[in-house]
Amino acid sequence: MEMSGSGGTVLELRSLEKMFTEKKTGRELEVLDGIDLEIGQGRFTCVVGPSGCGKTTLLRAIGGLVEPTSGEIFLDGHPVTGPGPERGMVFQEYALFPWRTVLKNVTFGLTLKGISAIDARASAREYLETVGLTDYENLYPRELSGGMKQRVAIARTLAVEPRILLMDEPFASLDAQARNGMQEFLVELWRETPVTIVFVTHSVDEAVFLGQEIIGLSGRPARIVEKFTNELPYPRNRTDAAFTDLRARILDYLTKEMADSYV
Amino acid sequence: MKKWKVISPLVFIVLWQVLASAGALGKGVPSPVQVVQGLYQLTVTGFPPGYKLLGDILSSLARVLLGFGIAVVLAVPIGILMGWSSWFDVVLDPIVEALRPIPPLAWLPFALVWFGLGYLSAAFVIFLGVFFPVVLNTVAGARSVDPYLEEAARTLGADRRTILLKVIVPGSLPSIFTGVRIGIGVGWMTLVAAELIGVKNGYGLGYMIMNAGEVARFDYVVGGMVVIGLIGFLMDRAIKYAEKRLLKWR
Amino acid sequence: MVRKSTRWTKLALSAVTVAAVVVALSIPLGGCGGPSGQTRVVRIGTLKNDLHQVAFYIAQQKGFFEDQGLDVREGGVFSAGPEEMSAFSAGDLDMGYVGTAPAVTFKGQNMADVKIVAQANTEGSAIVVRNGLEANDVAALKGSTIAIPGNSTVQDYLLRTALKKAGISDKDVNIIVVKPPEMLPALASSQIDAAVVWEPYPSMIVAQKAGRVLLTSAKIWPNHPCCMLVADSTFLKKNPDTVRRVVAAQVAATKFIQQNPQESADMAHLYTGQPVDVARAAMKDIKFNYTPDEKGIQRYVEFLKANGVVKIGSVGTFMDNLMYTVYLPGGG
């Protein structure tokens, strides 16, 4: 196994393909068309592409929630099948257990690992402190704002110490202000913790603000058509010329892909 | 708003008294005052003499709780499995749907053959009344659990058993409570009829109502109705309270 | 249009026919010697499949009602006495064949104002015991579960009388109410040890080998009241002569049964749908006698009063108000 933190490869995708069968027509639908990708330890990777192209399917395949039709996925060199706590997922709709308090949402995965209730609570409290929700541990999800809910979800996922954090448009349901706040929060969190992140978004601005690598997918079936490297230092400034320049380049690619996919 | 909670039953009782006294409700329909007197006699003397109201209440309560308890204990797991696993649904749904429309009372003769005149035959009929609403609501509840929650649990390392117990079951609870509340109401509704075939110990609210009706003691009949209504109301409140405590996350 | 007019013609025709029949009927009836204004149409209620009331069927079949110039309509066939008494309360019946118990309790509760004008039968009930119960007399029933068809029924009273005679307290047995149709399966499955019930149930239970007769009611209380012929008080007041005629038909039918037991038993078989042997066996245990035993009924009323079932003042006054047997032979 490769050493973590040394910049080695955490995740590797080899010719990943996914076909769906349309229920109504029985027609085969190709969603992913030969995805090859390597993601290094501790990197922050964003995935963008035209809507409906298969971004989410790609992420869910990595997460083990969707079984690829062909191709392979390796985590730290080991092939993966099915979901597992070493690949933590954060969903757009938070997916918090509404009947569990904030604290108990975070301990959920911990107790499944066989950690004692006392240790799980102590560990969960640390993660809640990390996401700034120490005073909210006894509240239920319905009592929280959208941003707070997503922070609980992140804490819950980080608590099981995944090798990689898979985020599926996690801030898409938030209003613009909360969204900016969460982006800043995530960058800070990522810089403090050695976690690798794959972040799917339909917002180019968000991708440029967050990612070191920005993967551009084609329209369906999705292939990787662009790879942008973003060396801008954190925290990033949206009014920077380099920022707006990169954003414009990505938008150009995206406009072209969208035009192609509509033809 | 709150005062109407008290005013509306009071107006109902006063209106009832006035109409009954004026003879506007028909022959033999007792007034509230007569019902209270009847309830007093049922409490101290009983009907038939010696068989006092408390015994009727306890016996009926035992029958209802027995039938209700067995129904819930069976219906919840079955409903969860049907709502969660399509295999269970395919296997059990036709049976449940075929048995469901049969009125529980149609089973009375078999209840007697299978369970005799004891507590069990009445409990069986009540069971049939409670079982189906609880199953159907549980199925609906299990199906309504957000699939994202199941996926989140899987990515956190949960196996199928854990998902069932820690995601599907708690997620179904609100619907289960709805089913339980409907079920307990149906349980009391079937009780009176369930006791009509006879009860071995001579006690029962439905049994008393039937016997009093046959000798035209309608003050006892209405008294029994009032007691059933009151117990039903209290049980509903108790379930509501439990729901509030258990489901405070809602 | 053509079809419509045909229908209207038919309707008009049938209306005319009905009117003609009514007129034709009322003229001879009016001239039949009865005080003018009294109806000859009587709505009579009966109990379903009740052998005790076979006189009603026989009076219909043998034309005893027509002999009296009556137009008897079936007011309703009831599955239980209390329901029939409720029909009296609602004003849907003029007269009826009904058990003493519902008649007395409903009158006692002011639910229905009826008077007993004749008797349908006496006796005809029995204590039956399940197979395998080692009991040769009532005393042996100590500690057993005994079913009665209803609290405060004549059968309830018969059981308590039999127990008292045998020297056991009613606290030494478990008396419960089971509806007669359910008694047979309850006995067959040993849910109950014994039952007190009216015919044809004892004969059915014996025929289907679900039990045996321990004691007939004739041996508990000879000549005890059972089913009565009652009349609504208002109807009686308005149409005394009509009631007199119904009573006369009942007397004729009862005499017919007494004189033709074989034919009556066969008619009972037709009336109740019971097998011939069951009907014959049952008819043997029923005594058909049109004169009620007032003292017997009074004993029963006193039992009801003592049990707090009916809230009445003086039993004597109640009895005077209940009995109206002036139309019976030797009654007036």
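**Two contacts in a predicted model**

Let's start where chain A meets chain B: four residue pairs are in polar contact there, both residues at pLDDT 80 or more (a pair of N or O atoms within 3.5 Å, where one must be able to donate a hydrogen and the other to accept it, and residues adjacent in sequence count only if both atoms are side-chain atoms). This is a predicted model, in which local features need pLDDT of at least 70, side-chain atom pairs count only at pLDDT 80 or more, and totals for chains, interfaces and linings use all residues. Residues are numbered from 1 along each chain as its sequence is written, chains are lettered from A in the order in which they are written, and side-chain values use heavy atoms, without hydrogens and water.

There is also one salt bridge between chain A and chain B (a side-chain nitrogen of Lys or Arg within 4 Å of a carboxyl oxygen of Asp or Glu). Arg60(A) pairs with Glu151(B), with 2.6 Å between the closest N and O atoms.

Together, chain A and chain B bury about 2,000 Å², 71% of it on carbon and sulfur atoms; buried area is the accessible area (1.4 Å probe) that two parts lose on being put together, summed over both. Trp99(A), Phe108(A) and Leu112(A) supply 30% of what chain A buries against chain B, more than any other three residues.

On the domain 1 side, Val278(C), Asp285(C) and Phe303(C) supply 33% of the area buried against domain 2 of chain C, more than any other three residues. Salt bridges between these domains of chain C number zero.
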